[in-house]
Structures are given as structure tokens and as C-alpha cells.
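Hello,

Please look through it before reading the notes.

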Amino acid sequence: MEKLKVGVIGATGMVGQRFLLLLENHPYFEVAVLAASARSAGQSYEKAVGERWKMSVPMPEKYKNMIVKDASDIDSVKPYVSFVFCAVDMKKPDILALEEAYAKAEIPVVSNNSANRWTPDVPMVIPEINDSHLEVIEHQRKRLGTKRGFIAVKPNCSIQSYVPALTPLLKYKPTQIVATTYQAISGAGKTFKEWPEMIDNVIPYIGGEEEKSEQEPLRVWGKVENGEIVKADAPLITTQCIRVPVTNGHTAAVFVKFLNKPSKEEILEAWKNFAGKPQALGLPSAPTQFITYFEEDNRPQAALDRDIYGGMGVTVGRLREDTLFDYKFVGLSHNTVRGAAGGAVLIAELLYREGYFAE
């Protein structure tokens, strides 16, 4: 089959680099355009990135000599792509303007950025959980006045370490959730070389992260009403978000209280059987098992388990009853794969198979 031509906007940053690795041999998509800030435009990708290649594997040869385009010059991108991934490092108003400009130019945008996560008719999707939210795209297109163009976004990386585990338990009506996330430095776009003060250190604050971690799950669990996504009004979620000296992998310690308390066996069965549209469709990036539970007391561990199913699986462990809440457990997800570029690629695969990129 002929692959769709795609662009990566913000290609020189850490998430942009991860996109390129994930798309290097993708069965549906072929990278045709690399775009970044005006200061990188006109240079080869290898020169534009320079010493800032942050992946653990070498830069693929196929990208090195590609000439980087100016992300703001949409006319120079449009002839070569069917849609774009967006992972730019800009201020929120500028991201809003840029993504909407691409959409209005009839170029669909699959975004890793947070700017449009609360735009009422923009779907914010974890494909296994709320693929039904894609139906708002029809209403978004009417607002934008487009036939093809639209914006879809992925949620914050931190919530993907616990929201997948909580979702199959919603039938038991969780009422209160406490989650403390222990977040890798790559979530800040950093390596230890660039951020030596993180070595042997823990920083108990990540700007804006706790609000996202408390509110975004409610939007993922919300429903579509009158062409907009209305967030769920329960459960009550409170979080703390802590930066820890780990390269990749966000870990969450979760406590949950239910209106209808399930048994431990019921929870384990719910996790084992939880699958969504990506698994049903056999999408290339979909993990065969969305949630993997470890019986060992010392799992999941970031170093051992973040790469399960290519970094697209979610791992859980230490499920046990609690003295204040009903249960507690530990979750883990790869923040730059499932939580960022990989999650966006999976959204794009779903959009493609559902016909949203049709000409």
C-alpha cells in the first residue's frame, strides 16, 4: 500500500526526535517534511540538531540530509504532506494559532502539545479508552470551515501511568483517587548531561503538572454532548507530581476508594481483559496486552518495564487493600513513547483506519 506523507513540526526537539524513530519504518506513514523554528530552517536536519540529539540510538541516516523547513511557513509544507504531527516548543497562544492555521489550511494536526487539550471540540484521546471522542471532529471542522483539516491531541504524559489502570474499574464507581507521580527527566525534554542537578536529587514540583493530572482524566472519561466534550464530574482526584532522576518512565503510586468495592480478583481480571479499538483493529503501534500486571513485589520498575511492547504498554503492580482507601497500586508508562510521540502515532493510526485523513 502507498504510505501517507507526513510532516513532523518541531522535529529538532526531544519529542520530535522520538517521532522520527517511531516513523522510520512505519507501515502507514512516511516522513516527507521536517519543520522547526526559523533559526533551523534551511539547514540539514543533522546540522540543525547538532549536539542536541537526545535519543539513545543514532540519528537515522534517512533524515540527516533532509532540509528543515520553517514551521510557520505552512505554504511550504502543505504540498508534501497529508497531515502533520506537532511537537513544538512555543508559548501556548502561539501553539494555538499555529495548529489552527495548519488545520484551516486543510492539513490535519495530531498534536503532542497541551495548548488545545481543553478546546471543547478538539478530541484529547487515549485510543484504547475514548476513541468515541473522535466524533467531535465533524463539529470542529464546521467551526473551522474545513473539509479535511482538524486538530486532535494526546493527553499529558503523566496520566497514562494510572488512567489506563483506573478506566476498566470505572464500573465500580471510584469516588476518590490520590496519585503521586514520579516523573522522568525526559518529561522536561532533558538528559542528565543537560540537567546535572537532577543527579542524586528529587524535585517536588513540576509546573502546571498537578492541575493537568487532576483534570485531564475527567476529560478523557467525559462524553460528547452537542458537538463538544463535557468532562466527567467524578471521581475526585488529587495528585502530587515529583521529578526523579530517571531517564524515561513515569511511575504513579495510586490510592482509590470505590462506591462499589470490587474484589482483588475482579480488579486483576478487569486489567487482564481490558482492550480497545487499537487492539481490535490490530494497529501497528498497539500493544497486544494494554495493561500488564506483575505479581512480584518489586515491579514495575522503570529500567525493567518501561519498554514493554515497544514502550506502548502500561504496567501495574503491588495491588493491595489499604487502611484508608479501598486499594492501592503502582503504575508505570514510558513517557516519551506511550505518553508522547508513540501515543500520538497511535492516534494517527486510528484516525487513518477510521477514514479521517481521506482526501
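The largest pocket holds about 1,200 Å³ of space. A pocket here is an open set of points on a 1 Å grid over the protein atoms alone, where a 1.4 Å probe fits, with protein on both sides within 12 Å along at least five of seven lines; lining residues have an atom within 4 Å of a point. Grid points are joined across faces, edges and corners, and the volume is the space filled by probe spheres set on the points.

This is a predicted model: local features need pLDDT of at least 70, side-chain atom pairs count only at pLDDT 80 or more, and totals for chains, interfaces and linings use all residues. Residues are numbered from 1 along each chain as its sequence is written, and side-chain values use heavy atoms, without hydrogens and water.

Lining the largest pocket are 45 residues, with Ala87, Val88, Asp89, Met90 and Asn113 nearest its centre. Helix 1 (14–23), helix 5 (92–104), helix 9 (209–220) and helix 13 (337–353) each supply at least two lining residues; helices are DSSP runs of H or I, at least four residues, numbered from the N terminus.

The second largest pocket has about 310 Å³ of space. Its lining has 19 residues, and Arg18, Lys54, Ser56, Thr247 and Asn248 are the closest to its centre. Helix 1 gives the most to that lining, with three residues.

In helix 5, Ile95, Leu98, Glu99, Tyr102 and Ala103 are buried (under 20% relative accessible area, 1.4 Å probe, protein chains only). After helix 5 comes Glu106, with a positive phi near 70°.

Regards

Note on methods. Buried < 20%, exposed > 50% of the residue type's maximum accessible area, 1.4 Å probe, protein only.
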